[in-house]
Amino acid sequence: MQIVHVVGARPNFMKVAPVRAALAGREGCRQILVHTGQHYDAFMSDVFFQQLEIPEPDYNLGVGSASHAQQTAEIMQRLEPVVLDTKPDLVLVYGDVNSTVAAALVCSKLLVRIGHVEAGLRSFDRTMPEEINRVLTDRLADYLFTPSKDGNDNLLHEGVGEEKIHLVGNVMIDTLVRLLPRAGDPGLLEQLRLAGKPYSLVTLHRPSNVDDSEELGKILAALNEISGKIGVIFPVHPRTRQMMRDLHLDKISPTLHLVEPIGYLEFLALQRKATLVITDSGGIQEESTFLGVPCLTVRENTERPITVDVGTNILVGRDMGRLKAEVTRILSGKARTGTIPPLWDGKAGERIADVILG
Ligand code: UD1
């Protein structure tokens, strides 16, 4: 069986690694890896390939950044000849980025079967580009691999045939389980004079938070205040960095540390030891739930409700008063505790291989 994996952006890389590895251990399976080039900076892409031990892609389409329509169209145009050449039996797409939906569209028109890893998640918020990508990809996929039962419920509700849906668990957690032992002491803590001290870890890159300078200004002002109580480490995504250039950042406190994006292992090491995490990322809501670290999500909704229902996640919306109040609550020792969702056990990739090779 010939399987093509299509990945493009940072959160895809942690998801493809365990699926590729599981399939590599099975007989009669040839794999081809395509990187669309949606993310191309060394610290958004190369470092993840190295640390996650993913081989060099067989194809790099080098699409780079552009508007949504341009980026999606460019991926489609460059991927079509690769699919025609490689004649896969199945193409696997991951998560909810533009590369995911672009690949699904190309394959569906070429009558190539599609597997969607991380299917069924819904924020029910169509202003998020990722929600559009999720809904469309799930419409087109033949195998829908869900990370949690809410994914199955959403797909059944949308009329997807039950036989296509496979509850396999969370592949991102597979990677975390495998690499946590290698996530040693984060060197950055020494550098920032935070070794042995409590600190909070922040990531923000959603367009709704960072593309509007007023919103971003409000969030940064809140983080500035929070850094008066607990050191803040904030690795800044390129999209957020671009927007920050337009803002006056001269009043940033010395305990609000704005640093460059960091590699997977370093981030995991920092996350594991953090007192709390503030984020708008989907993956970090899941990782913090697994690690038992309190997570405050700066969004009105989440496509990962299980992290709120059973995990450590709290949605604070864009209410900065609420964000600050929740930080104070955590610092006073009243953080909420959680449990790890079923099938977030490091074996989701193997279960996907079982389904595919059946
Ligand atoms: C993309 C995904 C988002 C995911 C995020 C993780 C979509 C719609 N969004 O958002 O779901 O959570 O990746 O990081 O697919 N840039 C660089 N270097 C890079 C990549 C991007 O400088 O390697 C800059 C460019 O200016 C670009 C901007 O970041 O315009 C945004 O990149 P883009 O790929 O469009 O979306 P992300 O915000 O990264």
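Contact here means heavy atoms within 4.5 Å, and buried means under 20% relative accessible area, with exposed over 50% and partly exposed in between (1.4 Å probe, protein chains only). Helices (H or I, at least four residues) and strands (E, at least two) are DSSP runs, numbered from the N terminus.

The structure is a predicted model, in which local features need pLDDT of at least 70 and side-chain atom pairs count only at pLDDT 80 or more, while totals for chains, interfaces and linings use all residues. Residues are numbered from 1 along each chain as its sequence is written, and side-chain values use heavy atoms, with hydrogens and water left out.

## Helix α7 and its surroundings

Let us start with helix α7. Seven of its nine residues are buried, so α7 is largely enclosed by the rest of the structure. The buried residues are Val171, Met172, Ile173, Asp174, Thr175, Leu176 and Leu179. They pack against α1, α2, β5, α12, α13 (282-291) and α16.

The pairing with α1 can be described in more detail. The two helices pack at an angle of about 80 degrees, and their axes are 7 Å apart. (Axes are lines fitted to C-alpha atoms, for helices over the stretch in contact, and angles run from 0 to 180 degrees between N-to-C directions.) That angle makes α1 roughly perpendicular to α7, a label used for 65 to 115 degrees, whereas under 35 counts as roughly parallel, over 145 as roughly antiparallel and the rest as oblique. On the α1 side, Met14, Lys15, Ala17, Pro18 and Val19 meet Val171, Met172, Asp174, Thr175 and Arg178 of α7.

In soluble globular proteins, nonpolar side chains tend to be buried together. A nonpolar core is a set of buried Ala, Val, Leu, Ile, Met, Phe, Trp, Tyr and Cys residues joined through side-chain atoms within 4.5 Å. The largest one here has 41 residues, and those with the most contacts inside it are Leu52, Ile54, Leu92, Phe145, Tyr264 and Ile352. Elements that each supply at least two residues include β1 (2-7), β4 (90-94), α12 (264-273) and α16 (348-357). Helix α1 gives the most, with seven residues. Domain 1 and domain 2 both give residues to this core, so it lies between them.

Ile352 touches Val19, Val117, Phe145, Val168 and Val171, not counting residues up to four places away in sequence. A second, separate core has 27 residues, among them Ala222, Ile230, Val316 and Met320.

## Salt bridges

A salt bridge is a side-chain nitrogen of Lys or Arg within 4 Å of a carboxyl oxygen of Asp or Glu. By this rule the count comes to 26 salt bridges. Three of them involve helix α5 (129-140), as the table and the text below it show.

| Pair | N to O distance |
|---|---|
| Arg122 and Asp138 | 2.9 Å |
| Glu130 and Arg206 | 2.8 Å |
| Arg134 and Glu303 | 3.6 Å |

Arg122 is buried at 3% relative accessibility, and Asp138 is buried at 2%.

Glu130 lies in α5 and Arg206 in the loop between β8 (199-203) and α9 (207-210), so this pair ties together parts 76 residues apart in sequence. Glu130 is buried at 15% and Arg206 at 8%.

Arg134 lies in α5 and Glu303 in the loop between β12 (295-297) and α14 (306-309), so the parts tied together are 169 residues apart in sequence. Both Arg134 and Glu303 are buried. They also belong to a network of salt bridges whose members include Lys15, Asp96 and Arg304.

Thr137 sits in helix α5 and is buried, with a relative accessible area of 0%. Leaving out residues up to four places away in sequence, Thr137 touches Val93, Thr100, Val101, Ala104 and His116.

Thr302 lies in the loop between β12 and α14 and is buried at 10% relative accessible area. Beyond its neighbours within four places in sequence, Thr302 is in contact with Arg122, Ser123, Gln285, Val308 and Leu315.

Definitions and conventions. Domains from an automatic or database assignment.
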